[in-house]
Amino acid sequence: MKTRLRMTARISAGIAASAAAILAGMLPFAASAQNIPTRIIVPFTAGGATDTVARGLASRLSQAWNQTVLVENKPGAAGTIGARQVANAAPDGRTLLIVASGHAINELVHEKLPYRTVEDFTPIAQVVDVPNVLLVPKNSPYKNVMELVAASKDKPSLLSYGTSGSGTSVHLAGELFKSMSGAHLEAIFFKGDSESLTNVMGAHVPASINTVPGAKEQIDAGNVRALAVTSRTRVPVLGNIPTVAEAGVPGYDVSTWFGILGPKGMDPAVVKRINADIRTAMTSADVAKQLSDKGMIIKVGTPADFDQLIRGEIGKWRPVVERLGLRGKN
């Protein structure tokens, strides 16, 4: 009888261990039993739009997974330092990376990256679109996009636009605008979105391209005039502002996007689970309102959708980067 009981106990323990292993494999954090937190690496400084999105997402995922999800800022080298850390991490779902549009552009402008943009990461989900907006000073003579374009053609090389750094997604948005509209505008580079905004507010530059979240407060206060948003559709928080395409440049469509990647080699089942939980988190009432009020557009697709987006962005911006001769200059 005792032998039989011992055998039954061992079988029960084995079944319990197997069940625990299966459960762990179903979770996006396979080592939850050791209370190892999941990390979302933000490859930029704290306080920016990328950081804001990551922290809102981390809070909701912590609740969904009943486990700590930390946000770690690893800024530097146009986001490549943080990206390299994730590329080299174990593919267990515990180390994730939030990237912006510049992740695709970095491959085009940097001659040597410490990772491969597509091959060394697992796409999990896009999370938001962040439209840009074309601004002029509040007392500018230009009331719409085509007036600005016409003035630039009348005075080639005399008009400029402010932007946040050579080779950034906002800079390339401006260069694509020039290419598609025929405008003659010289790019003036500032250290960031806020510095560019300050200079157009002070009429030190005749125009600038800024992110909607960064510029919305000053637009609402009447300190700058918004001519158009760069996205395919209008932005709800700036509903009376036309798109660039509506304003006279058909087919123009540029937004900064944010998304979540993991290291290459992640289990597809884990990726699917994290994707579903991200969708639930981003569409929750509190997160959706927080980000939508800032002018961000919630957009969560499948891992395949995000992979296609990244590959498409590389192809979209390659000719622009080549035409400007930006490779190796950043």
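Two strands are taken to pair if DSSP finds at least two bridges between them. Helices (H or I, at least four residues) and strands (E, at least two) are DSSP runs, numbered from the N terminus. The model before you is predicted, so local features need pLDDT of at least 70 and side-chain atom pairs count only at pLDDT 80 or more, while totals for chains, interfaces and linings use all residues. Residues are numbered from 1 along each chain as its sequence is written, and side-chain values use heavy atoms, with hydrogens and water left out.

I begin with the strands. S5 (residues 159-163) and S6 (residues 185-189) pair in the parallel sense over 5 bridges, and Gly162 stands opposite Ile188 in S6. The chain passes from S5 through H6 to S6 in a right-handed β-α-β crossover; that is, with the strands pointing away from the viewer, the path from the first strand over the helix to the second runs clockwise.

Next, the helix itself. Of the 13 residues of H6, 11 are buried, meaning under 20% relative accessible area with a 1.4 Å probe, protein chains only. Among them are Val170, Leu172 and Phe177. After H6 comes Gly182, whose phi is positive, near 80 degrees.

Phe177 leads us to the core. A nonpolar core is a set of buried Ala, Val, Leu, Ile, Met, Phe, Trp, Tyr and Cys residues joined through side-chain atoms within 4.5 Å. The largest has 47 residues, and those with the most contacts inside it include Phe177, Leu97 and Trp317. Helix H11 (residues 303-324) supplies the largest share of this core, 6 residues. A second, separate core of 31 residues includes Ala54 and Val271.

Technical notes: Buried means under 20% relative accessible area, exposed over 50%, partly exposed in between (1.4 Å probe, protein chains only).
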